[in-house]
Amino acid sequence: MGKVFRFNKDVDTDQIIASQYLLYPTVDEMKAHTFESLDANAVLKALGVRAVLAPSFARIFYRNSINIGLPAIVCDGLYDAVRTGDEIDLDMEKGIVTFGEQTFSCTKLPVHLQKILDRGGLISSLDEM
Amino acid sequence: MGMTIAEKIIARAAGAEAVRAGEIHTVTLDYLMSNDGTTHLTIDMYNKLRNPRIADKEKLVWIVDHNVPCDSPKTAASQKKMRDFARDNGITFYEGEGVCHQIMCEKHVVPGQLIFGADSHTCAYGALGAFGTGVGCTDYLYGMVTGGSWVMVPETLRFNLTGKLTDRVTARDLILTIIGMIGANGANYHAMEFVGDGMKNLTMSDRISICNLCVEAGAKTALMEVDDITLAYLEEHGGRKPAACFKSDDDAVFEKTFDIDLSTIVPVVAKPHFVDNLAPVDEVKGVKINEAFLGSCNNGRIEDLRLGASIIKGHKVADKVRFLVVPASQEVYRQALREGLLDIFMEAGAMIMNPNCSVCWGSCQGVIGAGEVLISTGTRNFKGRAGDKNSFVYLGSAATVAASAIAGEIVSPYTY
């Protein structure tokens with residue numbers, strides 16, 4: 001079970017860094033040109049968020065999320081059914097969200113991807129292969 | 001139930017009989033393209049791995065195209081890192097030969113492939129019937145080390161094209177019109193598929209231009225069927241053979257189908273600071289410009305240069321206006337040279353630059369200052385994209401750009 005935090009709009013990471021600064025040799029030099037949250041997904045994860053559910057995601061957010069080990073789950077209908085503070089259950093292997101008596105189908109994550117998430121994301125999983 | 005082109009390509013890459021939109025699959029990648037925008041960051045991450053390794057170096061293509069020739073010690077350091085790594089690891093490497101997507105289309109991509117590119121406009125490869133999609137460094141590195149990745153199968157928006165574009169209306173006007181119609185998020189995470197009788201009237205150059213810009217509607221990829229025009233292009237470019245030629249099945253599921261009669265498309269521009277901020281050219285005519293740019297992975301091909309040259313021939317670039325002409329590759333550059341096009345542009349007072357991303361990228365050459373206005377065939381017009389954060393970029397076709405360069409203000413492509 002996990003507690004719901006319901007937001008109005010999803011986060012857009014596209015404008016975090018102006019593309020021409022990407023050519024700088026190190027991330028530290030690029031940081032001077034970014035907003036405070038270099039990686040929106042990492043911030044959410046650090047805050048203790050265990051999964052992000054939404055009817056749809058901007059692609060960069062979606063991939064970043066999975067890749068740092070924060071499940072991003074597409075789930076229709078849930079958004080209108082819950083409020084902040086509600087408790088829901090998420091079964092990623094079966095692709096089912098349960099809220100009281102109601103169930104919602106959501107993205108199923110293949111075993112391979114579950115393993116990546118369990119290992120803390122894409123890069124961490126490379127170190128354990 | 002049938003499958004779309006996108007589903008068929010992912011099924012092939014996943015080794016699955018059938019896949020459906022919304023599913024996540026583990027896939028083998030055919031190519032991993034990366035340019036000097038981010039490769040140095042990927043290398044840094046690679047070097048920090050406990051057991052760094054490359055699954056298959058034949059899949060990697062690295063292209064220096066964003067800052068060519070190099071303009072600062074900082075970017076020189078980034079490029080040296082990339083060059084040295086490519087040499088030490090036997091990675092296919094291009095430098096100064098052209099914009100990455102143009103090089104990939106000319107030399108590598110074949111139909112049926114699934115390709116990751118560390119660049120937003122990788123969706124251009126759909127013109128060749130390949131599934132190209134842009135990724136960041138993390139995804140790139142994972143693909144580089146394992147040869148594979150994960151993808152969510154996208155839903156498809158289908159565009160059924162009929163008829164023919166009229167004189168001086170280009171594929172660029174068509175795709176800008178579509179983006180204006182569905183919006184900058186209109187195809188989020190979707191594949192955009194282009195089919196119909198109208199396809200036979202679109203050249204490979206047109207098709208690359210269309211697919212290339214689909215990311216500006218939020219698309220994950222763009223796809224087209226393989227036909228005689230595709231096969232002729234592959235034959236002319238190294239005699240490449242398709243890996244697989246896919247068409248969507250009759251009973252495939254499309255989220256939505258749009259019917260577009262090409263003869264109804266008119267010249268348009270995207271106004272600052274969004275690609276979907278669309279207006280017919282006539283609505284913005286009279287806007288004074290400081291610079292005009294003909295080039296980029298969207299419109300730097302020989303067909304674009306021919307169109308621009310046909311308009312500017314016998315005219316001069318307006319006083320105090322800079323006109324940058326940047327062929328998308330060495331192949332295009334040399335062809336333009338042979339056809340006398342570069343001479344026409346220079347006679348008119350244009351500057352011919354070496355093949356590279358140029359001012360479309362807003363870092364290397366031709367950047368504009370505060371308060372300045374650029375009319376461009378580049379891919380994006382976001383705030384600050386072409387230089388100062390208080391500058392303005394209008395996007396239009398090669399014809400509109402060339403005509404505007406003569407007038408010194410935005411004008412209809414029919415003006416000259």
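Modeller: A definition comes first: two strands pair if DSSP finds at least two bridges between them. Note also that the model is predicted.

Biologist: In what order do the four strands of the open sheet in chain A run?

Modeller: Strands of a sheet pair through backbone hydrogen bonds, either parallel or antiparallel. In this open sheet of chain A the pairing is antiparallel. The edge strands, each pairing on one side only, are β1 (2–3) and β6 (102–105) of chain A. The order is β1-β4-β5-β6.

Biologist: Which residue in β5(A) is the bridge partner of A:Asp91?

Modeller: Strand β4 (residues 87–91) of chain A pairs with strand β5 (residues 96–99) of chain A in the antiparallel sense, over three bridges. The partner of A:Asp91 in β5(A) is A:Ile96.

Biologist: Turning to chain B, are α2(B) and α5(B) parallel or oblique to each other?

Modeller: Two packed helices are described by the angle between their axes and the distance between the axes. Helix α2 (residues 39–47) of chain B packs on helix α5 (residues 137–146) of chain B with the axes 9 Å apart and at an angle of about 55°. Because of that angle, α2(B) relative to α5(B) is oblique.

Biologist: Is the crossing of α2(B) and α5(B) left-handed or right-handed, and which residues of α5(B) take part in the contact?

Modeller: The crossing of α2(B) past α5(B) is right-handed. From α2(B) come B:Leu41, B:Thr42, B:Met45 and B:Tyr46, and they meet B:Cys137, B:Tyr140 and B:Leu141 of α5(B). By class, this contact of α2(B) with α5(B) has one polar, no charged and six nonpolar residues. The α5(B) residues asked for are B:Cys137, B:Tyr140 and B:Leu141.

Biologist: Which element of chain B gives the largest share of the side that touches chain A?

Modeller: The contact between the chains takes 31 residues from chain B and 22 residues from chain A. On the side of chain B, two or more residues each come from β1 (24–28), α2, α3 (73–89) and α5 of chain B. The largest share of that side, five residues, is given by α5(B).

Biologist: How many charged residues are on the side of chain B that touches chain A?

Modeller: Sorted by class, that side of chain B has 14 polar and twelve nonpolar residues. Its charged residues number five.

Biologist: Within chain B, which element gives the most to the side of domain 1 that touches domain 2?

Modeller: Chain B is divided into domain 1 (5–262) and domain 2 (268–407), and 31 residues of domain 1 of chain B are in contact with 31 residues of domain 2 of chain B. At least two residues of the domain 1 side are supplied by each of α4 (100–107), α6 (171–182) and α7 (204–212) of chain B. The element that gives the most to that side, with six residues, is α6(B).

Biologist: What is the omega of the peptide bond that joins B:Pro272 and B:His273?

Modeller: Most residues other than glycine have a negative phi, and most peptide bonds are trans. The bond between B:Pro272 and B:His273 is cis, and B:His273 lies in the loop between β12 (268–270) and β13 (278–280) of chain B. Its omega is about -5°.

Biologist: Where is B:Lys320, and what is its phi?

Modeller: B:Lys320 lies in the loop between α11 (302–312) and β15 (322–326) of chain B. The residue is not a glycine, yet its phi is positive, at about 65°.

How values were computed. Residues numbered from 1 in each chain as written. Chains lettered and ligands numbered in written order. Predicted model: local features only at pLDDT ≥ 70, side-chain atom pairs only at ≥ 80, totals over all residues. Axes fitted to C-alpha atoms, helices over the stretch in contact; angles between N-to-C directions. Parallel < 35°, antiparallel > 145°, perpendicular 65-115°, else oblique. Left-handed = near helix turned anticlockwise from the far one by under 90°. Contact = placed C-beta atoms within 7 Å. Nonpolar A, V, L, I, M, F, W, Y, C, P; charged D, E, K, R; others polar. Domains from an automatic or database assignment.
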